[in-house]
Structures are given as C-alpha cells and as structure tokens.
Amino acid sequence: MTAPVSAAKRDRVIIFDTTMRDGEQSPGASMSYDEKLELAKILEEMGVDVIEAGFPIASNGDFEAVRAISQIVTESTVCGLARAAAVDIDRCAEAIRPAKRGRIHTFISTSPQHRDYILKLSQDEVLEAVVQSVTRARNLCDDVEWSAQDATRTEPDFLYRCVDAAIRAGARTINLPDTVGYSFPEEYAAMFRNVILNVPDSDKAIFSAHCHNDLGLAVANSIAAVQGGARQVECAINGIGERAGNAALEEIVMALKVRGETLGFDSDVDPVHITRASRYVSAITGFPVQFNKAIVGKNAFAHESGIHQDGMLKNAETYEIMRPEDVGQGATNLVMGKHSGRHAFREKLKALGYDLGQNALNEAFVRFKELADKKKHVFDDDLIALVDDALARGSERIRVVHLRVVAGTEGQSAELTLSVDDVEKKAEASGDGPVDAVFNAIHEIVPHAAALRLFQVHAVTEGTDAQAQVSVRLEEDGRIATGQAADTDTLTASAKAYVNALNNLFSRKEKGKPDTAIASGF
Ligand SMILES: [Zn+2]
C-alpha cells in the first residue's frame with residue numbers, strides 16, 4: 001500500500017485542451033469564430049495550460065480564430081496544429097505569432113498502416129520528414145510539440161528512432177497518441193516507460209498522452225500514461241472529438257484531483273469552472289451531454305434510490321467521492337422518484353419549506369408514490385403542487401372517484417363518479433368541450449349556484465408527461481373560493497380543482513352558517 005502523497009508533493013500534469021481542434025473535428029461540432037474566442041476565455045479562466053485553438057492551414061476561418069485567440073489569451077499557451085509540411089508550419093507560425101506563449105504542434109504518422117496506406121513513405125522517409133518538420137518549426141517558434149500519429153500501433157524500435165530524431169531537432173513536447181483508441185492502460189503506460197528508457201535524450205522533453213475513446217478507455221489510458229511518465233494530457237471538454245471522441249478534460253482533471261493522494265499528480269485547472277465550460281461546449285456544438293456522463297452529466301450528482309438518498313442525507317461521502325459544488329454543479333440533487341424513500345421525501349419537503357405532520361406526510365407520501373409510478377421525473381414543482389393540493393384541500397366532503405371523458409369531433413361527454421360525504425354518486429353530462437362536460441357532470445351530482453370565475457391550466461414542469469396544474473375560482477354571494485389540483489391528465493386535474501373549490505366554498509359557508517345537507521343543493 002503506497003503512502004498518501006501530500007498535495008504539495010504531487011507532480012503537476014499539463015492540461016492540453018484540444019476541444020477547438022480535435023473536438024471540432026467531430027462531425028457537426030463546428031464552432032464559429034466568436035464562439036471559439038469565448039471558449040478560449042473560459043479555458044484560460046479555468047487554468048488550462050495549453051489551448052490548441054485550431055489547424056491554421058485547414059481554412060481561413062481556422063487561421064483567423066487561432067490568430068485572434070493568440071491576441072487575447074495571455075495566461076495559457078496557444079497552440080496551432082501543422083502537418084509535416086512547410087506550408088502548414090509557416091501558416092501555423094503566422095497564426096500564433098501574436099501569442100504571448102505560442103506553440104507549433106507538428107505531426108506525422110509512424111505506424112505501418114499509415115505509412116503504407118496513407119503516406120506511402122518508408123520508415124527512413126518518415127524519419128527524414130520528422131527532422132525537417134521539427135527543425136523548420138523550431139526555427140519559427142521556441143515551443144514545438146511533435147506527435148507520432150498512431151504511435152500505439154507503431155513498431156517500438158521505429159518509434160524510439162522517431163522520438164529521438166524529434167527531440168534532437170528541438171521538440172520540447174513529445175506526444176504519443178493512441179489515435180484509433182486501440183490501446184489499454186498497462187500497454188499504454190509501458191509504451192511511455194519504454195520510450196523514455198530507450199531514447200537517450202528523453203529527459204529533454206515532456207511526454208504527452210492523446211487518447212481516443214473507441215473502446216471507452218481514453219481516460220483510463222491517459223491516467224496510465226501519466227503513471228508511465230507522461231506529464232501532459234491532451235483532452236477535450238465533454239470528451240468530444242473524432243469518432244468516439246477524446247479523453248474528457250473534466251474526467252482527467254477530477255481523476256487526478258480526487259485520487260491525488262494515491263496517484264501523486266494534480267493539475268492547475270480550477271474545477272469549479274468545469275460545468276460552465278461543459279454547458280457552453282454543449283450549447284455551441286449542439287451536442288447534448290449524456291445524463292449519466294461522469295462529472296458533468298445531469299445525473300452525475302443525482303440520487304434517486306431510497307438507500308442512496310438515506311446514505312447521502314446521513315453523510316454525503318457515503319455515495320459521493322466529490323462535491324457537486326467543486327465542479328460548478330448546484331448542490332447534490334436528491335431526485336424524487338419511485339425508488340425514493342420516506343426519509344428523503346421528508347427531507348426534500350423540508351428543503352422546499354414544508355414541515356408536515358405525520359398524517360399529512362403519510363398522505364403526501366402515498367400521493368407522491370402514485371405520481372412517481374405515472375411520471376418519469378418528479379420535479380420539485382410537482383412536489384409543491386402535490387403538497388399544496390393536499391394542504392389546500394379543506395374538508396374533503398366531495399372527492400373525485402372516477403372520470404371518463406369522450407372528446408373529439410363527435411361531441412364531448414363526461415361520465416363522473418363523486419364521493420359525497422362518503423356516498424358514491426354517478427352522473428353523465430355533455431358540454432361545449434370536454435371541460436364543460438366535466439363541470440356539468442359535477443353540477444348534476446352536486447347542484448350549486450356558484451359561478452365559475454376562473455379556470456386556468458398550466459404545465460407544472462417540462463416534458464410530455466408533465467403534470468397539468470389547474471386552478472378554479474368559484475364565487476357565490478360574494479364568497480370566493482379557489483381550488484387547485486395537479487394531475488398528468490388535464491381533465492382529471494380540472495375535475496379535482498373544481499371539486500376542491502367547491503369543498504373550500506362549503507367549508508367557508510359552514511364556518512359562516514349552520515350545517516346543510518350537500519345533496520339537497522346549496
Ligand atoms: Zn485525436
């Protein structure tokens with residue numbers, strides 16, 4: 001068991017963000033000039049070390065964005081990508097020229113698959129291209145990074161020769177990408193160890209990991225690379241990138257932070273900006289973030305099961321290894337759903353400002369479970385509507401037992417059963433519209449003189465299964481009573497709201513006058 005590494009002693013890992021380069025290569029993820037500038041500011045504020053702002057030779061738009069970012073960013077290094085070609089390198093140097101700290105990132109493929117099928121170059125020709133490209137870049141910029149594209153499928157000896165040549169030509173960062181997401185942690189870590197061991201001047205360069213997620217191992221491989229000697233990790237916000245994406249920056253940063261004691265590494269990124277960056281990238285790319293995505297997913301800090309909620313309420317460390325606030329997410333979210341327990345329900349209501357007595361709580365809990373069976377998400381607003389509904393309900397002399405409505409172009413009718421002072425009564429009525437038919441049926445069963453002053457429907461929450469919240473106001477002899485009800489079925493909610501208003505009107509009257517039999521009409 002390794003001794004915990006104190007924060008002061010942890011090695012620093014350089015965070016290299018490629019959201020605007022590799023990330024933007026995701027089909028459909030193109031970002032505008034202004035969006036790139038805004039993102040660069042967020043990344044700089046987060047404390048990202050290197051911002052790969054684009055591929056200047058690729059388009060004028062890319063060139064302009066890299067140059068503009070080079071003008072505004074002062075804390076982070078601004079990097080542009082270039083193939084092992086003079087025109088690319090010159091264009092890249094021009095783009096990053098305004099940068100306080102600029103970097104040229106040049107690359108060439110080294111694997112047999114790429115040499116034979118894409119480059120059609122021999123090993124020696126590739127080696128020559130490495131030397132020429134890095135030398136040219138070094139003549140234009142002090143900070144040059146060299147990448148061996150498809151390093152993980154390259155013959156080890158040839159890889160050593162290429163890395164050695166790049167370092168001798170002046171590259172200060174050596175990036176060994178798992179370009180096709182083929183590697184796994186032990187293997188990737190071993191590759192770094194072997195390169196560092198077998199390349200004489202390896203101590204003159206910083207080694208960098210760049211992992212794709214084709215097998216879902218990008219983050220694990222990146223952490224393994226750090227354990228193998230890498231001190232830079234290339235990653236992207238929300239893990240966007242070619243095909244299945246890149247290692248996710250937020251996951252790298254938090255893995256280092258949360259497990260720093262064991263891993264012995266950390267970065268300078270301030271995680272409190274993570275959620276903001278994630279939401280911004282999601283907004284500008286139109287790529288939604290998976291609900292269960294680590295760190296930034298909507299459910300990353302949401303707990304629904306009763307057991308977990310109970311644990312969370314007793315001590316958050318029972319089910320959370322980091323605090324949502326640490327990554328800029330609001331507080332832990334105890335999602336109320338059909339798995340939620342009574343303890344969490346009571347605590348949630350307290351958080352919403354309700355401290356119900358035992359009976360009211362039991363009744364509300366039963367209604368909550370009924371709703372949770374019907375509705376996928378039970379939002380705070382649903383709970384408020386549910387409890388208000390229960391509290392608003394005065395004496396429950398009248399209750400909706402059963403409602404069936406026929407509506408459509410062939411006319412509307414409602415079949416209704418009410419319990420009136422615990423006696424069930426049925427009626428059927430038609431009307432100008434389904435709501436009118438329902439209210440007419442209520443009149444059939446409980447004749448009354450009250451006039452309808454307000455009928456209002458609004459959705460409690462978003463979503464097609466949202467509850468409808470209905471408010472009804474009745475008036476009789478200057479006495480006004482309102483009733484509210486919420487239900488996933490608008491007509492049921494309408495019937496219940498009307499009945500609640502009637503109940504309130506009666507209990508008002510009762511407080512005003514001697515007891516009267518409901519059935520005989522008011
Ligand atoms: Zn990549």
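**Exercise 1. Find the residue in strand 15 that stands opposite L418, then describe the sheet around this pair.**

Step 1. L418 stands opposite K425 of strand 15. Strands here are DSSP E runs of at least two residues, helices are H or I runs of at least four, and both are numbered from the N terminus. Before going on, please note that this is a predicted model, in which local features need pLDDT of at least 70, side-chain atom pairs count only at pLDDT 80 or more, and totals for chains, interfaces and linings use all residues. Residues are numbered from 1 along each chain as its sequence is written, and side-chain values use heavy atoms, with hydrogens and water left out.

Step 2. Strand 14 (residues 412-420) pairs with strand 15 in the antiparallel sense over 9 bridges; a pair requires at least two DSSP bridges between the strands. The two strands form a hairpin with 2 residues between them, and D421 in the turn has a positive phi of about 45°.

Step 3. The open sheet has 3 strands in the order 13-14-15, with antiparallel pairing. Strand 13 (398-406) and strand 15 (423-431) are at the edges with a single partner strand each, so one side of each has no neighbour in the sheet. From one strand to the next, the twist averages 20°.

Step 4. Helix 16 (residues 434-445) lies across strand 13, strand 14 and strand 15, and runs at about 140° to strand 15. Such angles run from 0 to 180 degrees between N-to-C directions, with axes fitted to C-alpha atoms, for helices over the stretch in contact.

**Exercise 2. Work out which strands close into a barrel, and in what order.**

Step 1. The barrel consists of 8 strands in the order 2-3-4-5-6-7-8-9, and their pairing is parallel. Direction ignored, neighbouring strands of this sheet are turned by 25° against each other on average.

Step 2. Strand 5 (residues 102-109) runs parallel to strand 6 and is joined to it by 6 bridges. F107 has S147 in strand 6 as its bridge partner.

Step 3. Helix 2 (residues 60-72) packs on the sheet and touches strand 3 (50-54) and strand 4 (77-83); its direction makes about 150° with that of strand 3.

**Exercise 3. Decide whether A151 is buried or exposed, and list its contacts.**

Step 1. A151 sits in the loop between strand 6 (144-149) and helix 6 (156-168).

Step 2. Its relative accessibility is 1%, so A151 counts as buried (buried is under 20% relative accessible area, exposed over 50%, partly exposed in between, with a 1.4 Å probe and protein chains only).

Step 3. Leaving aside neighbours within four places in sequence, A151 is in contact with T110, L159, L176, P177 and M191, where contact means heavy atoms within 4.5 Å.

**Exercise 4. Check the span of helix 11 and see what covers its buried residues.**

Step 1. Helix 11 (residues 274-285) has 12 residues, which should span 16 Å at 1.5 Å a residue. The expected span is 1.5 Å times one less than the number of residues.

Step 2. The end C-alpha atoms of helix 11 are 16 Å apart, which agrees.

Step 3. Among the buried residues of helix 11 are I274, A277, V281 and I284. Their cover includes helix 1 (33-46) and helix 9 (249-258). Just after helix 11, G286 takes a positive phi of about 75°.

**Exercise 5. Name the protein donors of the zinc ion.**

Step 1. The donors are D22 (OD), H210 (NE2) and H212 (NE2), which lie 1.9 to 2.2 Å from the zinc ion. Donors are N, O and S atoms within 2.8 Å of the metal (3.2 Å for Na, K and Ca); water is not among the atoms, so sites may look incomplete.

Step 2. The donor residues are spaced D-x187-H-x1-H in sequence, and both H210 and H212 are buried.
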